[in-house]
Amino acid sequence: MGRGQLGDWAPRAALVAVGVIVVGWLAIKAADDIGTFVTVTLNGVTLAALFFVVASGFTLIFGLMRVVNMAHGSFYLLGGWIAFTIQDKAFREQPEGLGFDLTPDSDLQFSLAGWVVPLILACLAIAVVGLLLQQLLLRWNQGQDLRQALITIAVSVIAADQMLAHFGGVTQEIQPPSGWPTSVNLGVEGTRFGFFRLVVVLGAAIVIGLLLYVVIRRTKFGMIVRAGVDDRQMVSALGINVQLVFAGAFIIGALLAGFGGVLGGTMIALQPGEDTAFLLNSLIVVIIGGMGSLGGAAIGALALGLVDAYGDVYLQFGSQDLTNYSILLTFALLVAVLAVRPLGLFGRPA
Amino acid sequence: MTDTRRTTWIGTGVAVALLALAPLIFTEYFVSVILTQALWLGVAAASLIFLSGYAGMVSLGQVGIYGVAGFVFANLVAADGGLDVALSPYLAVVLAVAAAVLVGLVFGAVACRSEGIYFLMITLAFSVIIYYFFSQVTQLSGFGGVNSVELPGLIGDPGADPVPLFYVSLAASALIYAGIRYLVRTPFGLTLQGIRDEPARMRALGYNVGLHKTLAFGVGALVAGVAGVLSVFYNQRISPGSVNISQAIDVLVVAVVGGLYRLEGAWIGALVFGLIDNYSREYTPEIGTVLGPDRFNTLIGIVFLLIVLLSPGGLVGIWEQLRARSRGVGRTRMAGLDADVTVGDTPAATAPAPALKEGGPRR
């Protein structure tokens with residue numbers, strides 16, 4: 001960037017110093033209470049898994065089409081609400097015996113299908129919504145990235161209001177299948193951790209990551225996507241129907257957001273405002289990792305998830321409780337990355 | 001060019017004079033709820049339009065910065081909730097705006113190395129981080145916001161008499177409008193416009209692009225800070241909810257509806273926004289749960305969507321297109337002696353929405 005060597009060197013050295021201090025602090029805390037440390041770390045990692053599922057769709061769409069889909073959070077929340085509604089309407093099993101329902105929600109029984117079918121239907125519905133958004137509103141504005149961002153912002157405003165009208169403002173949760181255990185034993189001082197978070201969410205994130213990697217690295221579709229990220233015009237000049245690829249990428253991206261919504265709706269909760277929360281998470285993840293990079297999304301998600309988790313617990317120095325300032329850590333993370341790499345860790349200029 | 005410039009100034013003068021008479025013409029309710037709100041919301045949108053129109057930086061962070069100013073002001077004066085400090089409100093205004101500028105310079109320094117859509121995303125992230133900061137740190141935001149904030153004596157009690165606050169907002173708007181119009185003609189302003197159009201060439205000419213963008217962001221933060229203080233004057237309270245993402249989007253909507261590339265658009269957009277906000281509830285037809293008096297956000301979202309799809313220059317853009325068309329017809333009849341049918345006095349106006357046409361950040 002035409003700056004002197006000192007200019008580049010100083011922020012890096014500062015970052016390394018900060019990193020050493022952070023790791024040292026965590027090590028002290030870990031030695032204090034290893035059980036808590038493991039739980040907090042897993043909280044961060046599973047949160048990161050959810051962030052990754054959502055953000056991978058966001059980064060895929062951006063990487064190929066340069067569309068910043070500000071309605072991605074709306075896809076997330078809508079996916080969750082659709083799954084919740086289907087589960088609530090179609091799979092709420094009445095308890096045996098008496099004909100009236102006195103069971104509180106937490107005692108409701110759901111079969112495996114009662115979770116998987118809503119999941120699949122919600123993903124498909126969001127894929128269709130994504131395709132409609134792309135075909136009806138974005139396709140004819142291709143190349144005007146700011147205008148497309150504004151269009152998706154408008155869509156997200158309308159979507160948030162409509163979801164409030166149809167699904168209400170009450171916090172709801174999607175119930176995991178009753179057959180699944182609630183927690184698993186980690187074998188560290190008897191610490192237990194939520195089964196759904198640890199096995200299902202983390203597993204899903206790993207599977208999705210691998211699948212996306214294989215699709216993008218090993219298939220013809222992936223080859224076209226990679227070529228499209230580098231040079232769209234050349235790809236279409238080679239006779240490839242870029243529009244079809246764009247539509248496909250948008251479908252996958254939206255589908256991933258919907259999938260994340262169902263995971264998040266089961267793992268955390270569904271409520272108005274989750275759409276902007278997950279839009280923000282996706283933004284931060286891809287700003288850190290670099291827009292359009294899948295590996296970047298994974299690392300960005302991990303960084304954000306861990307900073308969130310550690311900041312919420314370990315920001316206490318003696319009697320000084322600073323945990324409610326933890327959002328500043330997220331900001332610091334963002335600043336630190338942008339100071340060294342303005343395009344994110346794995347970002348490349350367009 | 002001098003002609004259009006003169007008409008712009010005359011038009012502005014007439015508008016300000018008319019507005020100054022507004023309390024005599026309109027009801028107290030209209031002056032307070034529509035006009036005063038349009039004025040301070042317009043100032044907030046003006047900070048965004050200044051950055052996007054003259055520096056090519058579309059920022060979603062302006063609401064975060066105005067939140068900083070609002071919260072600093074509300075905490076420094078006597079109020080219900082927040083810090084237990086009771087400075088003079090006048091001093092608090094100065095400190096609040098200074099804090100906004102400081103935060104703006106920091107944000108600007110971090111974000112100035114990115115362009116276009118990246119800049120939009122980073123500033124949105126900043127804005128939301130400020131929102132989360134104030135919702136988490138209840139020492140600063142109280143548990144139900146900072147309420148019954150003490151206002152400068154000049155303004156009195158807007159609830160009893162909204163006119164003084166209206167004049168203060170009008171004066172602030174006029175000063176900011178004139179100030180920005182002046183600033184963009186200074187060497188600094190011209191450099192900014194050069195950077196907006198050709199950052200690489202400006203860098204090659206030896207200008208410090210990052211520094212200029214950071215300073216521009218500081219100026220935008222100053223304007224946003226004034227808007228933040230005015231918003232606290234208007235509401236006499238501030239809570240984290242007043243700086244959340246939907247407020248950030250509201251300010252963006254105001255700027256886009258008015259016209260992202262003309263400063264006047266800020267106040268025009270704010271006025272339209274206020275009118276829709278107030279009167280739509282009576283006239284919106286009830287269509288199931290889809291549309292109705294409660295669905296203001298749906299309505300404003302649709303208006304926003306239509307403006308973005310149909311007229312990237314916003315309402316001011318529509319007006320200018322119409323004017324250019326009618327004038328263009330007149331000029332062609334005069335055998336095309338004068339090819340200069342440009343409207344407005346900045347390059348941004350003659351080539352509306354440059355950033356909208358550009359595909360992706362420049363290499």
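I looked up H10(A) and H12(A) and found them roughly parallel to each other, because the angle falls under 35 degrees. The model is predicted: local features need pLDDT of at least 70, side-chain atom pairs count only at pLDDT 80 or more, and totals for chains, interfaces and linings use all residues. Residues are numbered from 1 along each chain as its sequence is written, with chains lettered from A and ligands numbered from 1 in the order in which they are written.

**Entry 1: the helix pair.** I read the axes of H10 (residues 274-289) and H12 (residues 327-340) of chain A as coming within 9 Å and crossing at roughly 30 degrees. Helices here are DSSP runs (H or I, at least four residues), and strands are E runs of at least two. The axes are lines fitted to C-alpha atoms over the stretch in contact, with angles from 0 to 180 degrees between N-to-C directions. The crossing of H10(A) past H12(A) is left-handed, that is, the near helix is turned anticlockwise from the far one by less than a right angle. From H10(A), A:Ile284, A:Ile287 and A:Ile288 meet A:Thr330, A:Leu333, A:Leu334 and A:Val337 of H12(A); contact means C-beta atoms, placed from the backbone, within 7 Å. I sorted the residues of this contact into six nonpolar, one polar and no charged.

**Entry 2: the interface.** I found 40 residues of chain B in contact with 37 residues of chain A. H6(B) gives the largest share of the chain B side, 12 residues. By class, that side has 27 nonpolar, nine polar and four charged residues.

Entry 3: Chain B has 17 helices and zero strands.

**Entry 4: positive phi.** Most residues other than glycine have a negative phi. I noted B:Ser148, with phi near 35 degrees, in the loop between H7 (138-141) and H8 (163-183) of chain B. B:Ser148 counts as exposed, with 12 C-beta neighbours inside 10 Å. B:Gln236 has a positive phi of about 55 degrees and sits in the loop between H11 (209-235) and H12 of chain B. B:Gln236 is buried, with 20 other C-beta atoms within 10 Å.

Methods. Angles under 35 degrees count as roughly parallel, over 145 as roughly antiparallel, 65 to 115 as roughly perpendicular and the rest as oblique. Two residues are in contact if their C-beta atoms, placed from the backbone, lie within 7 Å. Ala, Val, Leu, Ile, Met, Phe, Trp, Tyr, Cys and Pro count as nonpolar, Asp, Glu, Lys and Arg as charged, and the others, Gly among them, as polar.
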